[in-house]
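Below are my notes on the model, as numbered points. Please read them with the structure open.

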Amino acid sequence: MTGPGLISLFCFLITAAYFLRGGMCAGVVLCMGLAFFSFSRRGWLRRSVTFLLQVSLLFWGAEAWRLARLWMMEGGPFLFWTSIPAAALLLHAAAILWRRRGEKNLPVPELARSRVFSVSVLLLFLLDALVPFRLLMGERILPWQGANGLAILLLAWWGGYCAEGLLNPQTSPRRRQVMWTVFASAFFLQFLLGVTVAPSLLMTGKLHIPVPFMMISGPVYREEGFFMLALFSVSVLMAGSSWCSHLCYFGVWDCLAAASSRRKGHPVPGGKKACDWRWFSLAAAVGIPLLLSVWGVPLGYALAAAFAVALTAPFAWKRSSENGVREYCSRFCPMGLAASLLGRLSPWRMRVRETCTGCMRCASACRDLAISRGGGACRISRRCTLCRDCISRCPHGALSLGMAGPFSSVPSVRADMYFVTLVSVMHVVFLATARI
Ligand code: SF4
Ligand code: SF4
């Protein structure tokens, strides 16, 4: 690995020097980190470094083109304008070819880990470079732009680690819970520190009520502020109802309450018969703020009403901790209903194969009241949040994640890998950027 490692190191050092000249400290730290990783023998990291070298090659190609156009417009010595990017391009091409010669096929979990790491690094770097305000977590905590480079590497590593665990059916339920708790804790910790001692940890400095129904009630009352609703909709269109099992900053507390129950592991009858107040909640989440807005009720009173409603959530969590199911999410949250309806437009679905005997062991893993029995087999209802916890519970291997519509021919192993890669990258981006 010494040869390809050395040449990759030079490539990243050249790119780091370019960023240093442009004052992009995050890019410098990131390239130095990748230069260090160039010598790694771990399959997923080697593959990631090669991918990021390809991205760097594209960057130098664009830079060479920009300088060549400048030369054509302004004249001057052609060699002076183009020699450095051309040399960087050649070096990158040689490094990529050399590295690819030694690469082997990776097992699915390592492949997913590599993809999550690479895509997270790329997305977070672009967000840091293009967004004109402090967006990433690193610079919010340490007021130096280089901190973002380190944060990007750490968060991308964390995303890859989560993805690898999610692809193992035995470790998936625990890993999902841990990653979700980490995200929600970082979100609320920033909120608490932001309103008490460090306002830089808040997004706008304006106080919000961080409960999901406010995503819809807030814009209805104010007739503006649709960002969170748009973010929610795009996330659900991409990852389906897994918003409610991987990404929501609020639902995790209900999940932890249900997981703490002594009744955990007992099957709970789900499906259509389970009591569902969510249509009523959705109507209230739209109708009440609309009326308050039409009647001209001042913002302070509207916020107080929303706060009073939000205070009822702990009562639902208490019931969750008694019953072992997510009472708030699966019976009351309007955004949970919105996620399951809008999620039908995404391609992700849980599948039940013919090998299902209707033993209902899977139902003991489902905290969302999504599994019922029908026709001698289990049925998965619209309440499913794609948590995938039930897959490992089936002794007959009858459950899997699949894709619908034009992607229905994708094998479930591939579908699972694509899904896990997607939610892990979304988790990393949310973790790096989300704040109130
Ligand atoms: S049901 Fe509501 S609170 Fe629960 S995870 Fe979904 S959006 Fe969040
Ligand atoms: S049916 Fe399976 S994947 Fe869907 S919510 Fe229940 S446990 Fe999770």
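1. I start with a cysteine. C378 counts as buried, at 7% relative accessibility; buried means under 20% relative accessible area, exposed over 50%, and partly exposed in between (1.4 Å probe, protein chains only). The sulfur of C378 is 4.0 Å from the closest cysteine sulfur, in C362, which is too far for a bond. A disulfide is taken here as a pair of cysteine sulfur atoms within 2.5 Å, and by this rule the count comes to 0. C356 is likewise in no disulfide, its nearest cysteine sulfur being that of C378, 4.0 Å away. C356 is buried, with 15% relative accessibility.

2. On the basis of these notes: this is a predicted model, in which local features need pLDDT of at least 70 and side-chain atom pairs count only at pLDDT 80 or more, while totals for chains, interfaces and linings use all residues. Residues are numbered from 1 along each chain as its sequence is written, chains are lettered from A and ligands numbered from 1 in the order in which they are written, and side-chain values use heavy atoms, with hydrogens and water left out.

3. Which residues surround ligand 2? They are M350, C366, D368, A370, I371, I380, C384, T385, C387, R388 and C390, where a residue counts if one of its heavy atoms lies within 4 Å of the molecule. By class this shell has 8 nonpolar, 1 polar and 2 charged residues. For the classes, Ala, Val, Leu, Ile, Met, Phe, Trp, Tyr, Cys and Pro count as nonpolar, Asp, Glu, Lys and Arg as charged, and the others, Gly among them, as polar.

4. Two residues of that shell, I371 and I380, stand opposite each other, I380 being in β3. Strand β2 (residues 371-374) runs antiparallel to strand β3 (residues 377-380), and 4 bridges join them. Strands (E, at least two residues) and helices (H or I, at least four) are DSSP runs numbered from the N terminus; two strands pair if DSSP finds at least two bridges between them. β2 and β3 form a hairpin with 2 residues between them, and G375 in the turn has a positive phi of about 65°.

5. M350, also in the shell around ligand 2, stands opposite L401 in β4. Strand β1 (residues 348-352) pairs with β4 in the antiparallel sense over 5 bridges. β4 (residues 399-403) is mostly covered, with 5 of its 5 residues buried. L399, L401 and M403 point one way from β4, and S400 and G402 the other way.

6. Two residues other than glycine have a positive phi. L369, at about 55°, is found in the loop between β1 and β2 and is buried, with a relative accessible area of 1%. E223, at about 60°, lies in the loop between α9 (214-222) and α10 (227-239); E223 is exposed, with a relative accessible area of 61%.

7. Ligand 1 is surrounded by P212, W243, C244, C248, F250, G251, Y328, C329, C333, M335 and G336. At least two residues of this shell come from each of α11 (243-247), α16 (327-332) and α17 (334-342). The shell divides into 9 nonpolar, 2 polar and no charged residues.

8. The largest nonpolar core has 113 residues, and those with the most contacts inside it are F117, W243, F250 and Y328. Such a core is a set of buried Ala, Val, Leu, Ile, Met, Phe, Trp, Tyr and Cys residues joined through side-chain atoms within 4.5 Å. Helix α18 (residues 412-433) gives the most to this core, with 12 residues. Not counting residues up to four places away in sequence, F250 touches F188, P210, V211, P212, A313, W317 and Y328, contact meaning heavy atoms within 4.5 Å.

9. Y328 is also in contact with S320, as are D254, A257, A258, S261, V325, R326 and E327, leaving aside neighbours within four places in sequence. S320 belongs to helix α15 (residues 313-323) and is buried, with a relative accessible area of 0%. The C-alpha atoms of S320 and A258 are separated by 4.7 Å, though the two are 62 residues apart along the chain.

10. L52 lies in helix α3 (residues 43-74) and counts as buried, at 6% relative accessibility. Beyond its neighbours within four places in sequence, L52 is in contact with L34, F117, S118 and V121.
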